[in-house]
Amino acid sequence: MRVTVAGVELRSPVIAASGTFGYGVEFEEIVALGKIGAFVTKGLSREPMAGNPAPRVIETAAGMMNAIGLQNMGVRAFVEEKLPKLRAIPGAVVIANVFGYTMDDCAEVIEVLNDAEGVAMYELNASCPNTAHGGMSFGVDPDALYWLSKRCREVADKAGRPLMVKLSPNVTDIGLMAKVSADAGVGAVSLVNTFVSLSIDVETRRPRIANVTGGLSGPAIKPIAVRMVHEVAKAVSIPIVGMGGITKAEDAVEFMLAGATAVQVGTASYADPRAVENIASGLKKWCAGHQVSEVRSLTRGLRV
């Protein structure tokens, strides 16, 4: 069941996704953090953020929408309050999700984490608006994504930690965006982030989320996410971590056959807090039942 992503060995290819697993310590009485592949923290910013007003999470057909607004305690509070507890858990693999509204913001968050022990890898959220250049998301502008990826990779290199870029799906050519990040020297890419969406209450004639639009996740997006992973696998040779609507072992197999080295489980954790463990156990049974001796052999195993 072991796989390697950007030089980091994981005991399982199933990872808990950012934003759905808190800072990890909230789940330690439910999930054995040292026995899952890894988990990704909530997005960490330079300063604490309160997030968007409620309502900011709603259920949709085969999924959910959220506009949490990247609420978090800030990177320095995370290092002081959460990271020591995580370091005390034997075998826990911590991936820190980082973001900012300028390249300097992102670089500073990584610099702070560089000085702390207990982080195995960084995941850079490239879906944030670049406020220094008109508000267009880093993840939809190839040039901006290249320079952001390069700057953050250089900072991460100082601590000898790999950088994984989380790509936005709201683009016309996801393969190009992955290649841009790879050209900047990052160790891996993860995809997909949520899709921009809108839900309207027909009785009040108002958006169901206070922020108006939100990010769509869950089983509804899985076929699109699998297709995007397949496209990225044809464009780059660095490891890919796939996500989007994974609720059972067979979903994880789909992503790996499309080209993913590992997968992240997000929305499913709301329905079942032990989803990451259960999907990993199911994947192990699936492999045994299909004479797959090494799970990594599934990657790019699509027969087309």
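## Contacts of L167

Contact here means heavy atoms within 4.5 Å. In this predicted model, and leaving aside residues up to four places away in sequence, L167 touches S127, L145, I174, M177, A178, S181, V189, S190, L191, V192 and N193.

## The nonpolar core

L167 also belongs to the largest nonpolar core, which holds 99 residues, and L167 is one of the six that touch the most other members, together with F78, L86, L113, L163 and L191.

How many disulfides does a search of the whole structure find? The search finds 0, where a disulfide would require a pair of cysteine sulfur atoms within 2.5 Å. For C128, the closest cysteine sulfur is that of C106, and because the two sulfurs are 6.7 Å apart, they are too far from each other for a bond. C152 is likewise in no disulfide, and its nearest cysteine sulfur, again that of C106, is 4.8 Å away.

Are C128 and C152 buried or exposed? C128 is buried, with a relative accessible area of 1%, and C152 is buried as well, with a relative accessible area of 0%.

## Aromatic pairs

A pair of aromatic rings is described by the distance of the centres and the angle of the planes. The count for this structure comes to 5 aromatic pairs. One of them joins F21 and F39, whose ring centres are 5.9 Å apart and whose planes meet at 40 degrees, so the pair is classed as tilted. This pair links distant parts of the chain, since F21 lies in the loop between β3 (14-16) and β4 (38-40) while F39 lies in strand β4, 18 residues apart.

F99 and Y101 form another aromatic pair, with 6.1 Å from centre to centre and 75 degrees between the planes, an edge-to-face arrangement. The two partners can also be described by their accessibility: F99 is buried, with a relative accessible area of 0%, whereas Y101 is partly exposed, with a relative accessible area of 25%.

Technical notes:
Residues numbered from 1 in each chain as written. Predicted model: local features only at pLDDT ≥ 70, side-chain atom pairs only at ≥ 80, totals over all residues. Heavy atoms only, no water. Buried < 20%, exposed > 50% of the residue type's maximum accessible area, 1.4 Å probe, protein only. Core = buried A, V, L, I, M, F, W, Y, C linked by side-chain atoms within 4.5 Å. Phe/Tyr/Trp six-rings, centres within 6.5 Å; stacked < 30°, edge-to-face > 60°. Helix = DSSP H or I, 4+ residues; strand = E, 2+ residues; numbered from the N terminus.
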